[in-house]
Amino acid sequence: MTTPNEFLHLASGSSAAKVIEETLRRLGRSETVIAMRDSFEAGPLGDVDAGAACRIDWYARIDPKPFDEAEARRLDDSDLWERVHADTANVVLWHGPHPAERLFALRACWHLREQAERVHEVALPASGIPWKSGARPAFYDAVAIAGPNATVRSWDRRVKVTDVAARAKRWQELRNQPGDWIRVLTGEDVVQLPVTAFDAEVVKACADGAWTESLRITARIIAENPIWLSVLVWRIRELLRSGTLECRGDDNQIGLPSEVRLASGPTRGV
């Protein structure tokens, strides 16, 4: 266990945790980093803080590859929060402008609402770095993507979280909204959209009616939007099932037919 003068660092997933571990190494700090196991920018939230059975069901619905028992057990992260609550160190939440990382910070505040005095954060802002084609999407400044060069520079800008209760309330509001959702950021606010929210992007990518590699379509959409590959693949399968798209070729490494295009029949479009 860390001492009262040290920080306990929390991260949204293993990729962000590796960035933070390297950040601390560069800063000459030897402190514990805990990676949360699930990412909540898509799917239901109902019982995620009480066993997470809804998440097991969600993954089973969108991914044809079944969870094994160990994977299913890992979605219940109550053991990680028990470690956090038992520790006496101040907590640092590391997050950037990505819906998964902002949701992680809201949820952490809910778990620590009775220990609000412990909660600090390093919140990476959107850098505004331009692309040749226009402004780079803000989610590229997430901890897991931006990397240790950005996080080391941000360490001295860490602050104590003064609105823990308000963030905890927002998490509870999101968690209590029934149904499946895709969650995005509008400014700093987490907004819930229907799971069909990116279907129009898929159709747009097929707008010329030509056969197009499904790998190319998914890469294009993921490059511009913070959506899971597994969710996007599921939505493309649903568009194929509904007749909005048609396909040809064997399944590729992401589980989609090698080529897709808009269907020419009456169900074309969304």
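Reply: In this predicted model, five strands make up an open sheet with mixed pairing, and their order across it is S2-S1-S3-S4-S7. The edges are formed by strand S2 (33-35) and strand S7 (159-160), each of which pairs on one side only. Further in, strand S3 (residues 90-95) and strand S4 (residues 119-123) run parallel and are joined by five bridges. To find one such point of pairing in the picture, look for Val92, whose bridge partner in S4 is His120.

Against this sheet packs helix H5, which touches strand S1 (7-11), S3 and S4, and whose direction makes about 160° with that of S3. Helix H5 covers residues 99-111, and its 13 residues, at 1.5 Å a residue, should span 18 Å, which agrees with the 18 Å between its end C-alpha atoms. Because 13 of the 13 residues of H5 are buried, this helix is largely enclosed by the rest of the structure.

In one of them, Arg29 pairs with Glu31, with the closest N and O atoms 2.9 Å apart; Arg29 counts as partly exposed because its relative accessible area is 28%, whereas Glu31, at 15%, counts as buried, since the limit for that is under 20%. Another salt bridge links Asp57 and Arg61, again with 2.9 Å between the closest N and O atoms, and both of these residues lie in helix H2 (residues 53-62), four residues apart, about one turn of the helix. In an α-helix there are 3.6 residues a turn, so residues three or four places apart point the same way. Asp57 is partly exposed at 41% relative accessible area, and Arg61 is partly exposed at 39%.

A further salt bridge, between Glu259 and Arg248, has an N to O distance of 2.6 Å. Here Glu259 belongs to strand S12 (residues 257-262) and Arg248 to strand S11 (residues 245-251), so the pair ties together parts that are 11 residues apart in sequence.

Definitions and conventions
Residues numbered from 1 in each chain as written. Predicted model: local features only at pLDDT ≥ 70, side-chain atom pairs only at ≥ 80, totals over all residues. Heavy atoms only, no water. Helix = DSSP H or I, 4+ residues; strand = E, 2+ residues; numbered from the N terminus. Expected span 1.5 Å × (residues − 1). Buried < 20%, exposed > 50% of the residue type's maximum accessible area, 1.4 Å probe, protein only. Pairing = 2+ DSSP bridges. Contact = heavy atoms within 4.5 Å. Axes fitted to C-alpha atoms, helices over the stretch in contact; angles between N-to-C directions. Salt bridge = Lys/Arg side-chain N within 4 Å of Asp/Glu carboxyl O.
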